[in-house]
Amino acid sequence: MQVRKQARRINSTAELEALRKSILDARDPKRSIIALCVGTGCLAYGCMDILGAFKREVAVQGLQDTVEIRATGCPGFCERGTLLTVYPQGIFYQRVKMEDVPEIISETIVKGKVIKRLLYVDPNTGEQHTREADVPFYKKQQRLLLGSNSRIDPTSIEDYLAIGGYAALAKAISQMKPEQIIEEIKRSGLRGRGGGGFPAGKKWEETRNAHGHRKYAIVNCDEGDPGAYMDRSLTEGNPHAVLEGLLIGAYAIGASEGFIYVRQEYPLACENLNIAIGQAREHGLLGDNILGSGFSFTVKVHRGAGAFVSGESSAIMSAIEGKVGEPRMKYVHTAVSGIKGQPSNLNNVETWANVPLIINKGADWFRSIGTEGSKGTKIFSLVGKVNNTGLVEIPMGMTLREIIYGIGGGILKGKRFKGVQTGGPSGGILPEQCLDTPVDFDELAKLGSMMGSGGMVVMDEDTCMVDVARYFVDFLCEESCGKCIPCREGLRVLRQILTDICEGRGKPEDIALIQEIAEVMADASLCALGTTAANPVLTTLRYFGDEYEAHIKEKRCPAKFCKNLTSYYIDPDKCSACLICLRNCPASAIVGDKGIVHWIDQGKCTKCGICFEVCPERFSAVVRISGEPTPPPPPPGTKVKREG
Amino acid sequence: MGDTITLKIDGQEVRARPGMTVLEAAREAGIEIPALCHHEKMTPYGACRICSVEAEMDGKTKIVASCGYPVEPGLVIRTRSPRVDRIRKTVIELVSPQANTDGDLGGDLKKLADEYGADIHRFEARLQSKSRRCTLCGLCVRYCDEVVGAHAIGFVGRGIDRHVVFFPDKASKVCASCQGCFKICPTGKIGAEADGTYFGFTIDDFLAGRL
């Protein structure tokens, strides 16, 4: 963070452009920049130490005027952290460690040489890529929103202004009437990125037309789907973009006050937002009479208290009012009666971040990206059993296959794909035959899943689909608010039924029972958490019904995952008595000796699977068995057939 | 507010005032819709879903909670249908394991179970959980908040762990002379497990993990 001079208030669009010009004039486009990710993912890799080392190294070598060390937000390829890009060449280094720092300075910065060892190598082709844009993970993306993350220091408003920041706000409030803005957003086809996919412009219009003495504009940053972190990275990496979108929306709907609801678990997002708010206020981009237009707006960051359900629109408004964050009936939309009964427009982080782009480039440009019913790009958090994990931003309409294989690089360890979970606990799990589905709001809904906020969890052949369904139901048992009976008690019973099936106590009539309960939950629950809560169960039943059947009728887990239905066995013909499994078994359940075939005492075995994991691949003597009896152990003292 | 709204409930034309809910309009017209968590003195809550009805508007039918759904001109309501009856039956079956007293239900819940043919023991064996004798209808909590204004009883926990507790510092001051929630509790739990001086289920118990 640089020490800033007391900012001068900007009073007009002309002054904003003059400031932007002075910032750009002071920057030498040829100066080297090391853009180092300090987002949450890379923080865990120790990027702050690397940042410090770069600063020291630059000082030691006296290169302060030659190179700028810029701490940026997340570029998305988190699995390969710590990440950095050297500008202006655009050299992309991954898995950077402390010891690489002096070499990067002396070789790349001083001599302009590329350090081959730090480049990304495509595991599928063996090809090495120097520039970020050529890495397959990035090549097929269209990073309209995330692309800015690695170009700016999120704590510097000057960086944001240098890439054209707040030009859309200036255009909106100086050249457009509120109705025109709403019309532009409606025409753009922007739909809510938080899950429901409701047309954003229509929602804005409803709030604008509603009666109230005060109107509110709210950012939903309560991202809670397991494995999803798109909104976190946007908020951490480019908080001014979210703020600019919010300001434009607030002006359009006539709101004078706003809230950014950030979940408890996102401290860095809060910190960067508060810095951005402070800077925007100092510059006259927030507060009274913004850019001399007469439009005034204040905004506060409201920290959540750690409840998944608080991301539901009526719950978020209760929480902001200071009440318990749980949903209430909203037969009258929150757009008409939200916070304190006043018209309140809530959009998700990613929705807001799209707004400046649409105002700058126009609705026609935005409409040109995506499918008939879903326009623009969508950020997904691609995680699970896939080679390249991280945040991916794709144009709507890209197929699941292109995302998982083209960008994600296929399934880990060459295993078989089984399913992909989209939409979090409200979404569904789609099988191989759905992989060529274009990703858009309506196509995913047709298959029984949903876009959701952007979680995308890839599962391989070792994943048990009944267990996955149980996982999501278990998650919701704890994360539902517990207010209405169908959701609370329906989940409780569903969890028990799924547990029974996983543990071998399932009955044939359970399938019909699940469907009956799911139907009542969908029909009668109070909020969308309850009405969609059974989706992971229903989609796994629909696409992986044979797995349920195997568990119930044959007491067999096809993925050999469910503990009660699986046993571990050492094939005496393959065991080479290497003692590795024996030493690693935490239950001391493995019997054997040097030269003596090992066997598992089934009475002691806790089925943790460690023996299976540690048995060297060249022996593969430990096998999992499900649906059939475990063979008896070999006679005591059996000698190995092959030496280890 | 002079306007009246005309809607149809179970084939009968019903007049209502703007701002009324479907449940209020129906009851005023003498049409009974069952409900567990509704009380005319308190804000609609929408937790029990027993009052679910079919609402048809512009040819589209959806299930709504009548206690919170506002009347609209031209709205067509069906208070009984196979879909509505199935919801009520299943909801009662789902909540019974948590709400029964020594294996049986009392009061309105018992009557409803009989009327809708609900098997109140359907999920009991499967869940093997001990009844808390509570449907979490929230009448006690809302009565204390909205009518008495004492805030001496409230919810703690989330999801399947949600339950009701007394806040002893407040309860010890106001409950002895009030006991409003004792009478309003549909399962009789509060009267049976607490008196004005002793609060059988308190926040202290919750925090200590005894609940």
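User: In this predicted model, how many residues of domain 1 of chain B are in contact with domain 2 of chain B?

Analyst: Four residues of domain 1 of chain B are in contact with five residues of domain 2 of chain B. On the side of domain 1 that touches domain 2, three residues are nonpolar, none is polar and one is charged. The C-alpha centres of these two domains of chain B are 24 Å apart. For orientation, chain B is divided into domain 1 (5-80), domain 2 (88-127) and domain 3 (139-207).

User: How many residues of chain A and of chain B are in contact with each other?

Analyst: There, 27 residues of chain A are in contact with 28 residues of chain B. On the side of chain A, helix 18 (465-479), helix 19 (485-502) and helix 20 (510-524) each give two or more residues. Helix 19 of chain A provides the largest share, nine residues. By type, the side of chain A that touches chain B has 15 nonpolar, four polar and eight charged residues.

User: How should I read a sheet, and in what order do the four strands of the open sheet in chain A stand?

Analyst: In general, the strands of a sheet pair through backbone hydrogen bonds, either parallel or antiparallel. In chain A, four strands form an open sheet in the order 2-1-3-4, with mixed pairing. Strand 2 (67-72) and strand 4 (91-93) of chain A each have a single partner strand and stand at the edges, so one side of each has no neighbour in the sheet. From one strand to the next, the twist averages 20°.

User: In what sense do strand 3 and strand 4 of chain A pair, parallel or antiparallel?

Analyst: Strand 3 (residues 84-87) and strand 4 of chain A pair in the antiparallel sense, over three bridges. As an example, L84(A) has Y93(A), in strand 4 of chain A, as its bridge partner.

User: What is the idea behind a nonpolar core, and which residues of the largest one touch the most other members?

Analyst: Nonpolar side chains tend to be buried together in soluble globular proteins. Here the largest nonpolar core has 241 residues, and those touching the most other members are L36(A), I248(A), Y261(A), I403(A), L494(A) and C140(B). Helix 11 (residues 239-253) of chain A gives the most to this core, 10 residues. Another core, of 17 residues, lies apart from it and includes L582(A), I590(A), V622(A) and V640(A).

User: Which residues are in contact with Y261(A), leaving aside neighbours within four places in sequence?

Analyst: With those neighbours left aside, the contacts of Y261(A) include I218(A), V219(A), C221(A), H302(A), I316(A) and I320(A).

Note on methods
Residues are numbered from 1 along each chain as its sequence is written. Chains are lettered from A and ligands numbered from 1 in the order in which they are written. This is a predicted model: local features need pLDDT of at least 70, side-chain atom pairs count only at pLDDT 80 or more; totals for chains, interfaces and linings use all residues. Domain bounds come from an automatic or database domain assignment. Two residues are in contact if their C-beta atoms, placed from the backbone, lie within 7 Å. Ala, Val, Leu, Ile, Met, Phe, Trp, Tyr, Cys and Pro count as nonpolar, Asp, Glu, Lys and Arg as charged, and the others, Gly among them, as polar. Two strands pair if DSSP finds at least two bridges between them. Axes are lines fitted to C-alpha atoms, for helices over the stretch in contact, and angles run from 0 to 180 degrees between N-to-C directions. A nonpolar core is a set of buried Ala, Val, Leu, Ile, Met, Phe, Trp, Tyr and Cys residues joined through C-beta atoms within 7 Å. A residue is buried if 20 or more other C-beta atoms lie within 10 Å of its own, exposed if 12 or fewer, and partly exposed in between; C-beta atoms are placed from the backbone.
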